[in-house]
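Student: I have a model open and want a quick walk through its packing. Can you take me through the cores and the chain contact?

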Amino acid sequence: MKIRQIEVDRFGPWRNLRLPFEGHPFEMIYGPNEAGKSSLMRFIRGVLYGYDSHALEGPRGDFGEDVRRGALLVEHRGVEYRISREGEWNERGTLHVDRLSSSGERREEQPDAILRSITGGTDELLFQNAFAVGLDEVQHLASLHEEEVGQHIYGLTLGPAGRQILKANTEAERHQQQLFQPAVKQGELFSLMAEEDRLQKEIVQATTNSGVYLEKKKQLSNLQDEIEALRKRQQYLQQEQRGCRFMELIYKPWRQVYDYEQELKRLPVRRNLPVGGLEKLRRLESDINQARHSYRDRRGYYRNSLKQSSGMKPDSNVRRQANLMQTLLDQRGWYQDERGEIDRAEEKLRSARHDLNHQLNQLQALWPGVSLERCRQIRMTSGSNRELLAAARKYQRELAKRSRFRKRYDNLVRRNQTRTAELTQVRLDLNGLSITEALSRARQQLSNIKRRLELQLQIKAFQERMERSQAQLARQEERIGLPTLAYLAITIFVLGGLLAVGFGLWMARQQSWLPGAIYFFLGLTSAGIGWSIKSHFRNVVSETVRETQDDLFETRAKLNQLQREVDRLYDPRLSDLGDAPDTESLIDRAYQKVRELEGHQELEQRVQAERERLSRWRNRSQDLQRKVSEIRQQWCQLLQRIGLPESVKTEETFALWEHVQSTVAADAQLRQLEEALGNRRHALDHFESQVLRVNDDLATDGETIQNRSSLHSVFPQWEDLLGQYGEWRSVRRKNRTATRDTRREVRRLQKEYESLRSERSELLKKAGVHSFEEYAELEEKLKRRQELEELLALAQADLDRLARTEPELAIVEEDLEQFDPAANQSRLYDLSSEEKNIAAKLARSLEESGALKQQLSHWESDQSLMRFRQELAIVRAKLHEATSRWFGLQVSQEISGHIQSRYERTQQPEVLATASRYFTDLTEGKYQNVWTPLGKRHLCLEDNQQRLFRVEQVSRGTRELLFLSIRMALVQQFASKEVELPFILDDVMVNFDQGRTETTLNTLLKWAETGQQILCFTCHLHLAKMLEDRGVKTFHLPKHQATAEAGNRWAG
Amino acid sequence: MPQSPLRFLHADQLNLDVPLEGISAISSSSLQELSTAPLNLLDNLLEYAMEESVPFVLLTGTLFGADPPSLAAQSALRQFAAELYELGVELVLAPHPLERQLLSRQYWDELEAILLEPNLSASIELESSSSHAHAHLHVEIQLRKEGSNGYAASDPSRENEFRIVVLEADEPFSGLQSLLQAHTAGSEISEAACGHALEQVIESTHRTIDADYVALTGYGYRAQKKRDSHQHSRFYHAAGCLMPRTFEEAQVEKVGQATLVRVEPGQGIHLTSRRVAPLRLVPVSIQVHPADSKRDLERRLQEEIDALEPAAVEKLFIIEWNINGAGDLLFELADTELRRDLEKKLKGSRPLIHQWKLWPDRNALEHAYSQEPLASQFLEQLQQYAETNPGNLVSDFLSRLEIDSQWQHRLRQLGTELSTESILAAACQQGGAYFVSTEEGVER
């Protein structure tokens, strides 16, 4: 909206004022003070939004008017309107909007709606704060805080980013408050620290208890030692008392036992005397006397008869040698036979000696220089024989094995030499190539040939495919045109459609539009369908042809590629295989060559394997040789051990062994015969020497024999002598029978006498006495002893019964012997009183110890220290978490601050961004930026040295420039939203210096050139002149017509 | 090597008084269960010893792990030793050297156990159950400190003698000392380098120690991964920490297990490990993709739970869900209520405690939201912090805040215990919810 003319019929000081603006967007209206400039501003605002209905101080308005009336001629989007308002002095007024056109004026039915459209829905307050500003508004910040203005300036409707930043800050602040408020000492951290302090105190307390525990424990230990000592003393005293009482009790029975024992000691030890012993002893005495007399009489008679029979005696030599003589006489026949046997044995001995000499001679032929002694040293056991046999067999087996192996080895060597020669020939044929290389080359050739064959087949296939594709392409090209009939049908369809369209148009014009429209659209549809079918077919066929062409091209490329590959695979060495009619024959030849080379390779491998085997066999042959040597050494050692001469020929050794055996056997037989002969000779010599000795012994009575061959002559004499000796022996035998009877009688009497004496001695010995009197006295004493023992047993039983009452106390004889009943009584009294004292002390100590134990047990079972420590650990974990969070908050807040700061400078509301530009222009670059902290309602400035100022900190002029810039930006902002209202300034530049004023005017003029209408009221003539200098027409307000009937003039 | 069979139990790092670390979400009933878990562990170990009828139990490494040890733990160990003694099972202890000094001589004397002293031999005479002629078996146990003198090889083992050396790591063990010196402060030492250093330690001890079984203690979980080596007929074994204390430790295979060592004549040494810890810490990593829904996540979590094979003694599983990757789901999980709902839906064969850790993958996010200017800016600036030392980061922020010096000090202390990655994960979680997410910020 642009104001074209102000028509004031009656308003404030003005009556019938007409201010026509001629189209320049910047209009300067000059009028001195009290000319009514501000009233004009109020008038404009009043017409647009309603006259002021309050704050009028006079009874009929400020200027005493009854009615306020006037109009604004405005242009809005190319249409001119007259907006008039008329009302009583205290009313907002009635609005009329007339639309002006060349045809005249037309009053609008809905003036409010039109006006809202014209003013862009702005309200009066916004108009006053943003579009029509006076010095007051420019000087004060408050007017910028109004809701709608504020929204634009302070970005109260922040974008998502701004909201995020603000919310992050707010929440961080809240969390920080929850965690830690140092000023009021509140928050989670404080609580946790307090809890930590409490727990540490608890732990210190519990630890102190631990120290006290140790003291108490020591105390208890001391107390227990004391109790132990008291108990020991008490026990001792009780023991002593019991001892004393026991002594008193036991003394009398003990004394009695003691007396009995003393008497018993004086009596002989108890022994068993036979019953009626004394009587028996008396009878034995009389029997002994009688027996002694009978024995002595009979012994005298026997001695006399012996003296009579000893008168006649034979020759003593004959009597002594009688038995030997009889024996030698009996061996007389044997003696004669033995002599003959000895002669025969000597004959055999000679024969055996001859045999031995023969054997020895034979042996010496095999083993020169061997002696019989040497043969005897040889071990001729069956074990040696077995050993020799086994060793010989083993030796022969090893020799045979070695021989067999040598034959095999020689065969292999011969075979290998043949194959090596063959292989050398093959290598010569290969012209220096190794068989493996040749084989690899042959295989490669074979593979190449195969690949070539394969590629040739592929080329063939591709050629066929290409031919097919070409044929197909030719066919499709033929098909590309639809059949003529189809073309005809489509053409008819399209033409029919076009006709229908024409008919439809004609019908619509001539008759009725509806059927015409139907025909028109029907025709259009038919033509369209026909055209679509044709296009579709053409497209489909073209597509197929294109695909076939692509395929053909691809096949050709592939074919070229395959051909190149075939060329690449050509190998000049294939001529080695000879001329071949076709590739198959070439493949066969290549196969044959590969097989041949494989055979050579196999031969090479076999030769190599044989060489390896030969190497192994050489080692094995050496092993076998080593083993043979070893066994030969064993054989020789065995021979040496047995005692045979060393020889590697086993047959010779065994022949020698047999001869040795025969020789040794002959030697053994000879020695056996010699031994047997010796034995016989010895027996014969012994017989002869005995005969000679007996004969020498008897020589006193006859002749001695000089020659052993005459031994037969003594034997008849010996037979006579032995006959005489036999007669004497029969006489003596008769006498002896008579004497023997007498002697038997004497011996019987002697035995009887001895028996009686020994019976008596036995009886006395048993009693331990020597006489009959002593025996009688002993019997008396033993009777007394028995009585005493019975009494002692009774007394001892009493004593034992008393002793059993105190089994722990031992009876000490010495104490009882020295026992004094009176002294004992006194000691008993002392002990009893001391024990009472000790018992009292013990009870007290026990009580004290019990209490201590209970206390200690309570402490030991008290797990509070463990619990406190665990609680402390938990609190510390919580503290760590809370501290982490707190420091995390600090970090987060700092980063958030940085982000906010950057955001505030770079992401400001558009109004402030525009205002910054104006402000920079108006301050000639001294200030660079205007911004407002996020979420705050105050402005900050940044100068060209990046110093920050709050708006309150800058000078008044700068502040007015800033607010002017902001209004300009606001107006521009609204204009961009198609809210186009004039910008009306009422003496806002009065506080500017010359430079700033000029700059401001220049800026405003520049802005006005963009189409923004600016109405500038001023009372300063220099301003008007300044503008006039710049070609701007200035209105000089006439003096107002109103008389100050009300007396008050507030305009200007 | 003895000619008679021998069996014994070896367990390391009892840690009776060390609390479970890194758990923040827990109910009061679970708290009681956690704090008394070490006591239940001793019951389980006792049952294991009874079941296997071993002649002795070897406990190496830290027994209590706190100064001072709690009276309850001391009492429990005393009770454990007494019950073993009643059963005729010898208890051999090779505690941490500090613990040997920390507790009074009276305590150790009262314990029905054999306390190993450095470089002094202890011996156990055993009646062999074998039908072989060697009815007596002499087990000699010695405690040696790594790098200490007195490694002189003693007489070779006799037929009926089994020699055990408990090799205690130096602090830090000398093999790693040179490695640490070679690295500048703050630079990461690779696991391979640690492993190599440990190899060298073992190689050096090979030449000097003559033993049938070397029980390594104090070498930490790193030693565990490759340290069951059977070389030169000597057996080097580091049993896992018996009571797992952190999720990091829990990643080691043998943690929470006691080892049954079986020596078979002619067949060498066989190790069988069995879980005895009453609870198990299970660190699980889950990768979240932008297209994943809540149902997908629930299914994958349930699959992980189903894959757990509980031992009879285990009464509780504590699962640390390390959720990483990119996508709105990751930011939504910051909502406690959502996590509670998810936890209610997850079922396991044992009661479960869930510990959540969210690790947004910045690279993946940058890639996914490269077209979003705000997200790009946020992640780009976040990346700049990744190269900052955590100490400097904490100091920088604290110096800008006007808070009381006492709180500054505590926050600084806490901050130095954090990793840059955890701070950045929290930052990404906080800011990412608004800048990165496609939604206008996830409601929290």
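Student: How many residues has the largest nonpolar core, and which have the most contacts inside it?
Tutor: That core has 130 residues, and B:Val57, B:Leu91, B:Val92, B:Ile164 and B:Val166 have the most contacts inside it. A nonpolar core is a set of buried Ala, Val, Leu, Ile, Met, Phe, Trp, Tyr and Cys residues joined through C-beta atoms within 7 Å. Buried means 20 or more other C-beta atoms within 10 Å of a residue's own, with C-beta atoms placed from the backbone. This is a predicted model: local features need pLDDT of at least 70, side-chain atom pairs count only at pLDDT 80 or more, and totals for chains, interfaces and linings use all residues. Residues are numbered from 1 along each chain as its sequence is written, and chains are lettered from A in the order in which they are written.

Student: Which element gives the largest share of the 130-residue core?
Tutor: α22(A), with 16 residues. Helices are DSSP runs (H or I, at least four residues), numbered from the N terminus.

Student: What does B:Ile164 touch?
Tutor: Leaving out residues up to four places away in sequence, B:Ile164 touches B:Val139, B:Ile141, B:Ala211, B:Asp212, B:Tyr213 and B:Ala215. Contact means C-beta atoms, placed from the backbone, within 7 Å.

Student: Now α6(A). What do its buried residues pack against?
Tutor: α22 of chain A, together with α14 and α17 of chain B. Among those buried residues are A:Ile165, A:Ala168 and A:His175.

Student: And the chain contact: how many residues from each chain?
Tutor: 48 from chain B and 46 from chain A. On the chain B side, α17(B) gives the most, 10 residues.

Note on methods:
A residue is buried if 20 or more other C-beta atoms lie within 10 Å of its own, exposed if 12 or fewer, and partly exposed in between; C-beta atoms are placed from the backbone. Helices (H or I, at least four residues) and strands (E, at least two) are DSSP runs, numbered from the N terminus. Two residues are in contact if their C-beta atoms, placed from the backbone, lie within 7 Å.
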